[in-house]
Amino acid sequence: MPGELTVHSHPYRLYNVSFANKNHAYAARRGTTHLFNKLTFDALTRKELTMTKTFIQDLVNDMTLDEKLAQLTQLGPHYWGLDDTVDLTGPFKELNIKPQVMESIGSVLNGIGARNVIEQQTRHLQTSRQKIPLLFMADVIHGYRTILPIPLAMGSSFDLEACERFAEIAAKESAAAGIHVTFSPMTDLVRDPRWGRVMETSGEDPYLNARVTESMVRGYQGKDLKEKGRIAACVKHFAGYGAPEGGREYNTVDMSSGVLREFYLPAYKAAVDAGVAMVMAAFNTIDRIPASGNSELLRGILREEWGFNGVTIADFNSVNELIPHGAAIDGREAAEKSLAAGLDIEMMSTHYLNHGAALVEEGKLDIALIDEAVIRVLELKDALGLFDNPFKDADPLVDEAPKPSAEHLQAARELGASSVVLLKNDNEALPLKRGMKIGLAGPFATSIHVLGGWAGTEKDPAVSLYTGILQKTSAEDILTAMTGELGSMLEGVFDVEDEIEDAYQQLQDCDVILAAVGENQQDTGEGGSKANLRLSANQEKLIWRLKDTGKKIVTIVFSGRPLELKPVLDASDALLQAWFLGTESGNSLADVLFGDYNPSGRLSMSFPYSVGQIPVYYNAYQTGRPYDPMYPNVRYVTRYLDCPNDPLFCFGYGLSYSKFTYNSFNVEAADRVVASIEVENTSDIAGKETVQLYIHDVSASVVRPVKELKGFQQITLAPHEKQVVSFEITREMLMFYGKDDQLVFEPGEYDIMIGRNSGDHCTQRIWIG
């Protein structure tokens, strides 16, 4: 009968569902009960079946070698549906995919949408010999339906609870769309804003990155992956992907083992310690070996040192890329090296499928290596509950709702406001007052294209800055000019149309003028590397011409990376780093602009004075000839002749509408070492302050950074309220990787620093033994 649901018994799983008329079934159930609620199937009878490692081992023992290799292969959804009559040309011929192989493929890349997932999973279970469900994985970077601030913006919130909430929202919406695994968090440490993917990270500091990463893993995964609204997290890109030479995408990464361990590995390890389900290998080389074939990384550090027992996966086509890297002569050698190195799943290439069996038969690969990889993949499917319910939380009613939930939109608005960083605020240009006549100009004044790269489904447009401001004041009090949008460099557009004189004439009578400038969102993210980080010429000219009106100028910067803002700093009375804040962008910014939210963001990545300084970051190693600003004309020290060493805005920097003072700094060393400071809100405005702890090891067996973030606390103070903030200095904080790449603690002198950012703090030197 049309719409009939049928249960097929199976010794290994609960059911296989088939649909005589899927569309009819959807329509019949819409608006009544939850379509595929994992607890209530009113058309099905169920019995609980507990999965065990023995069960999984039995499955593996029953598999053919080809079926095992298929479980270790991930392809896009468009590869399904092949049959014997299909002419295997183009990509199908290139990958040597045969229709019968598709019956055993283990996972799907970016197959999203509840209806699509349910249909594809159903077809797969009908044709698969062992009825092993597919894993559906996707890039959910900063939200699925409700687009949230880009991760670099979330890092700038310094709010770990907010970061966890960020991931919870993304997980809940992704799960309803049928997604089981997200390729997030991206925890690559970054020091070069020319690299487009800085937007996906939480910044330049290993301590902050680690804390944000573990918060996001908890947010995605919860305590049990079977829970409704939870998905598996895949931390990426292991390892060192955030350090390409010249900031150029996919370029060489070359660093010492000490730098790798000191700065780049801690956040990946934090993910492992937080129980992350999956780790993605990077495109780049480490110590001249591509990560996808690097056994020292995947087996040595990840599994043996850190005890990771989850799944590893290649990045897109990266097994095949061992060949252009020059690390493999052909696909056979690429498969051999990657499998031997411990890479479980091959994404979007088929060398495991095409060469794995021959490598085993020739004795070049031990079948045990393949078996252990298959077991890990099946254990992940079991952890997600897919053998019990292959659709998990896929729900067309939720996935296809007319708009995101009000709860998620409100959370996105709050997360966005907490991520905004106030960089300058002279002459009390901000907050704005209701009733002011506001001028609004620039390519992002009315634009809805401010979601940011990797923006989920993009079903719902972002709230524009204009629309957000309109909720705070009347349309008669807003004048707009030169609002033509900035195109993408990928499309050959490098500037906005010059309507500068028209904007100058139209906005002269305003009380304050907002210049909404930045970079096109498409020019950020993967493949978005840039050599020039300045605003386009006409945007800079616009700001300076508006300055000629004599009105207060508030510059609002929309970007996915730190930009070179020195050329417009003096023309701006206030400077606001807006990032790309997602769906609620305009509302979040309006809340900050009008003082309904007191800005509390702090930069998680330094902003360069000039692109020529890059990489510029706060925790650099000491040098033998350091620059001393007390003696600016000394030549033979590490310095630039035409530019300061320091960034324009340092790590941890950010202003508030409140004023905070730091007093009574003290370090006590008795049974414990405790550093404390009194923070006072000396203003009439309640505000949040991020109190930051830095430590410098004065002398050690290896050169140490000039300072390192070791802790931070966010406090909210009422007007004129005081609070003492204390940090305990533990031995773990003072440990570092020594000459033999082992963690060591060395007694000696340490500079303990507490303050408002990496460049403004109180310091006391003590001996710690």
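This is a predicted model: local features need pLDDT of at least 70, side-chain atom pairs count only at pLDDT 80 or more; totals for chains, interfaces and linings use all residues.
Contact here means heavy atoms within 4.5 Å. Leaving out residues up to four places away in sequence, Phe-238 touches Leu-265, Tyr-268, Val-279, Met-280, Ala-281, Ala-282, Ala-291, Leu-297, Leu-298, Ile-301, Leu-302 and Trp-306. In soluble globular proteins, nonpolar side chains tend to be buried together. The largest nonpolar core of this structure has 201 residues, and the members that touch the most others are Phe-238, Leu-380, Phe-558 and Leu-593. Helix H7, residues 160-176, supplies the largest share of this core, with eight residues. There is also a second, separate core of 24 residues, which includes Val-667, Val-691, Phe-727 and Leu-734.

Charged pairs form a further set of links. Across the whole structure, 46 salt bridges are found. One of them joins Arg-129 to Asp-62, with the closest N and O atoms 3.3 Å apart. Because Arg-129 belongs to the loop between helix H5 (114-127) and strand S5 (135-138), and Asp-62 to helix H2 (residues 53-62), this pair ties together parts that are 67 residues apart in sequence. Arg-129 is partly exposed, at 44% relative accessible area, and Asp-62 is likewise partly exposed, at 34%.

Asp-139 and Lys-236 form another salt bridge, in which the closest N and O atoms are 3.4 Å apart. This pair links distant parts of the chain, 97 residues apart: Asp-139 is in the loop between S5 and H6, and Lys-236 is in strand S7 (residues 232-238). Both Asp-139 and Lys-236 are buried. In the salt bridge between Arg-704 and Glu-262, the closest N and O atoms are 2.3 Å apart. Here the partners are separated by 442 residues, Arg-704 being in the loop between S21 and strand S22 (708-717) and Glu-262 in helix H9 (residues 257-264). With a relative accessible area of 3%, Arg-704 is buried; Glu-262, at 10%, is buried as well. Through shared partners, salt bridges also join Asp-139, Arg-197, Glu-200, Lys-236 and Glu-526 into one network.

Strand S21 (residues 687-697) contains His-696. This histidine counts as buried because its relative accessibility is 6%, the cut-off being under 20%. The side chain of His-696 reaches the backbone oxygen of Val-706 at 3.4 Å. Beyond its neighbours within four places in sequence, His-696 is in contact with residues including Gln-622, Pro-705, Glu-749, Tyr-750 and Met-753.

Several backbone features lie in loops. The peptide bond from Ser-184 to Pro-185 is cis, with omega near 5°, and Pro-185 is in the loop between strand S6 (181-182) and helix H8 (206-221). A cis peptide bond, with omega near 5°, also runs from Ile-614 to Pro-615; Pro-615 is in the loop between H22 and S19. Phe-158, a residue other than glycine, has a positive phi near 55°. Phe-158 sits in the loop between helix H6 (151-157) and H7 and is buried, at 2% relative accessible area. Asn-317 likewise has a positive phi, of about 65°, and is in the loop between strand S11 (311-313) and helix H12 (322-325).

At the surface, Met-630, Tyr-631 and Val-634 form a nonpolar patch with about 360 Å² of accessible area together. Val-634 lies in the loop between helix H22 (585-593) and strand S19 (660-669) and is partly exposed, with a relative accessible area of 38%.

Terms used: Residues are numbered from 1 along each chain as its sequence is written. Side-chain values use heavy atoms; hydrogens and water are left out. Helices (H or I, at least four residues) and strands (E, at least two) are DSSP runs, numbered from the N terminus. Buried means under 20% relative accessible area, exposed over 50%, partly exposed in between (1.4 Å probe, protein chains only). A polar contact is a pair of N or O atoms within 3.5 Å; within protein, one must be able to donate a hydrogen and the other to accept it, and residues adjacent in sequence count only if both atoms are side-chain atoms. A nonpolar core is a set of buried Ala, Val, Leu, Ile, Met, Phe, Trp, Tyr and Cys residues joined through side-chain atoms within 4.5 Å. Patches are made of residues with over 30% relative accessible area and no salt bridge: like charges are joined within 9 Å, nonpolar side chains (Val, Leu, Ile, Met, Phe, Trp, Tyr) within 5 Å. Accessible areas come from the Shrake-Rupley method with a 1.4 Å probe; for residues, only the protein chains shown count as cover. A salt bridge is a side-chain nitrogen of Lys or Arg within 4 Å of a carboxyl oxygen of Asp or Glu.
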